[in-house]
Amino acid sequence: MKDWGDSRDNVATKLRRKLRKFVSAKNSPEDNIADLSSNLKVNEVEEALNDVFKQSDQKIVLLIDRLDEGYTPDNMGVALVDGFVQSVIDLNSKFLGNVQGIVFLRDNMYRSISINDPDFTRNIEGQVLRLHWDDYGLFNLVCNRIRIANKNNQENNTRLWNTYTARELRGREGFRLALRLTLYRPRDILVLLNNSFLHASIDERKEIVLDDIDISAKSISENRLHDLHKEYESIFPALRLFTSAFSSASSETTIFKAKTKVKPILEKDDHEPRVQRDIAIFRDSNQVLQRLYGIGFIGIYDDKASSYVFCHDGRDPVKEVSPDSKILIHPCYWLALNLTEKTFDIDQAGEIYDEYDIEVSSISEEQRHARIGQIIEEIKEIEHGKEGCFSFEEWCLQAIKLLFAGSLSNIELHANKNGRQQRDVVATNMESTPVWKRILTDYGSRQVVFEIKNYEDLSADEYRQMNTYLSNDYGRLGFIITRSQNNNLEKGKELDWVQELYFNHGKKVVIKLSERYILKHLSKLRSPQKHDAANIELNKLIDTYIRQYLIIKSK
């Protein structure tokens with residue numbers, strides 16, 4: 001115990017300090033793990049504990065909870081929880097009769113372990129007790145709570161329940177009425193009744209009525225929706241917009257109708273930068289619905305089970321869906337969203353297959369990374385020159401929408417003045433970030449043009465062409481995107497033409513943006529703290545032009 005350390009430190013601190021002594025960077029991970037048991041003297045500790053247990057007349061019960069909080073539902077996350085489960089089973093076997101460890105796991109995590117652990121049936125399956133709550137079990141639970149809280153010795157549960165309820169809530173059917181929006185979750189019914197009794201006490205009543213339940217349910221629904229937004233705001237910034245799209249409508253709809261609700265949000269591009277960047281990740285409304293399913297906001301009707309299936313661990317739907325497939329907004333959000341079905345059929349609540357809690361997963365981050373990675377890979381397949389010009393224009397459009405989301409709006413491909421078969425990207429400057437506010441203030445560019453050139457070397461023609469654009473709302477600053485590997489201007493070529501436009505054509509500034517610049521900042525979008533890196537470097541690039549390239553005219 002002395003070697004274990006100061007009792008004021010928490011277990012994690014002690015464990016890290018202990019492991020640091022025995023984990024060597026010189027050894028392989030396999031060697032470090034193999035030596036841990038002997039280095040930590042696990043056998044000696046177990047023998048000492050066994051002696052203590054034998055001398056004690058007490059049984060030791062370990063309650064182990066919250067193992068599955070904060071995990072990412074990938075192989076590593078499942079393996080870590082599986083390791084804890086296996087260790088508790090080993091502990092129970094080694095100290096049989098003296099120690100009993102009990103692990104609490106959510107149902108979806110248990111199923112993940114059963115799928116991924118090849119030894120599940122041999123080691124774990126026989127040790128499991130799966131809990132399923134029905135109205136009878138929940139009624140007993142609630143009545144026992146009421147009995148203890150009110151120090152009431154009434155043994156008959158129905159009579160006890162009737163003592164503290166009135167009108168429609170009396171009897172077992174009245175209790176089932178209170179279960180409508182809880183989906184038979186123990187925690188939800190307890191919170192619902194706690195708030196209902198609190199509301200009744202404000203009116204100086206000891207009995208709760210249906211109005212108390214409804215008021216409490218409305219408050220709980222709003223809190224659940226707020227918690228959903230708060231939990232996912234870092235990895236799903238646009239979530240609030242998409243959930244509000246379903247408000248004041250029907251709780252049950254089809255895939256086709258749901259897509260029409262989210263489509264207008266995808267088509268707008270004047271949201272604040274963080275939200276707009278998240279929206280730009282989605283290819284279409286199908287992906288939005290997949291993500292809403294993955295966080296448990298909507299469920300999909302399963303014809304075989306004749307019920308709605310909800311998911312909270314980020315997975316895509318396990319069944320094929322069609323435009324006519326039915327979806328249901330999760331009942332816990334109905335009141336908060338003011339949906340038309342404000343009451344829920346008692347029998348329907350028990351038929352909904354729902355995993356028992358909301359779990360933040362990294363699915364949104366994974367989708368974002370996958371989408372950005374896909375765009376980065378696409379450029380490798382686009383040929384230089386005329387053969388790949390249309391593909392490169394489309395690629396640049398997607399890249400600009402991602403890099404400058406929230407700063408530029410109404411971003412679209414526009415026919416080139418000097419070539420019918422060529423298109424440039426044109427966007428409206430929202431001046432919402434410092435660099436774009438600078439571009440509007442200093443150069444008058446409300447409309448911003450990006451000329452797309454699917455080759456590396458620029459000539460005087462490209463700069464003359466840009467000169468024809470830069471007037472009126474386009475101001476005095478524009479961009480040329482090329483397949484070049486850097487943003488530098490080559491002396492005797494690009495530098496001379498940039499200076500020509502600046503000194504002889506009204507101080508117009510044409511900035512070259514390279515393929516590498518775009519790829520670099522697309523990659524940085526994977527890190528939340530670097531989402532504004534493209535704007536920051538762009539501001540520095542303008543400074544470079546003013547301070548170095550455009551000081552004096554080159555001879």
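Helices, meaning DSSP runs of H or I of at least four residues, and strands, meaning DSSP runs of E of at least two, are numbered here from the N terminus.

Good morning. The structure is a predicted model, in which local features need pLDDT of at least 70 and side-chain atom pairs count only at pLDDT 80 or more, while totals for chains, interfaces and linings use all residues. Residues are numbered from 1 along each chain as its sequence is written, and side-chain values use heavy atoms, with hydrogens and water left out.

I begin with the whole protein. Its secondary structure comes to 23 helices and eleven strands. Of its 555 residues, 46% count as buried; buried means under 20% relative accessible area, exposed over 50%, and partly exposed in between, with a 1.4 Å probe and protein chains only.

I return to helix α21, residues 494-504. Which of its residues are buried? They are E494, L495, V498, Q499, L501 and Y502. Seen down the helix axis, these residues fall within an arc of 160°, so they line one face of α21; the arc is that of the directions from the axis to the C-beta atoms. Their cover includes α20 (460-469), β11 (509-513) and α23 (533-549).

Next, the interior. A nonpolar core is a set of buried Ala, Val, Leu, Ile, Met, Phe, Trp, Tyr and Cys residues joined through side-chain atoms within 4.5 Å. The largest one has 60 residues, of which W395, F404, W436, F450, F479 and L522 touch the most other members. Helix α18 (residues 389-403) gives this core its largest share, eight residues. Another core, of 37 residues, lies apart from it and has F242, I300, F310 and L339 among its members.

Finally, the charged pairs. A salt bridge is a side-chain nitrogen of Lys or Arg within 4 Å of a carboxyl oxygen of Asp or Glu, and by this rule there are 23. In one of them, E393 meets R423 at 2.9 Å, N to O. E393 lies in helix α18 and R423 in strand β8 (residues 419-429), so the pair ties together parts that are 30 residues apart in sequence. At 3% relative accessibility, E393 counts as buried.

D135 and R176 also form a salt bridge, with their closest N and O atoms 3.4 Å apart. Here D135 belongs to helix α7 (residues 135-149) and R176 to helix α9 (residues 171-178), so this pair ties together parts 41 residues apart in sequence. R176 counts as buried, at 17% relative accessibility.

Notes. Contact = heavy atoms within 4.5 Å.
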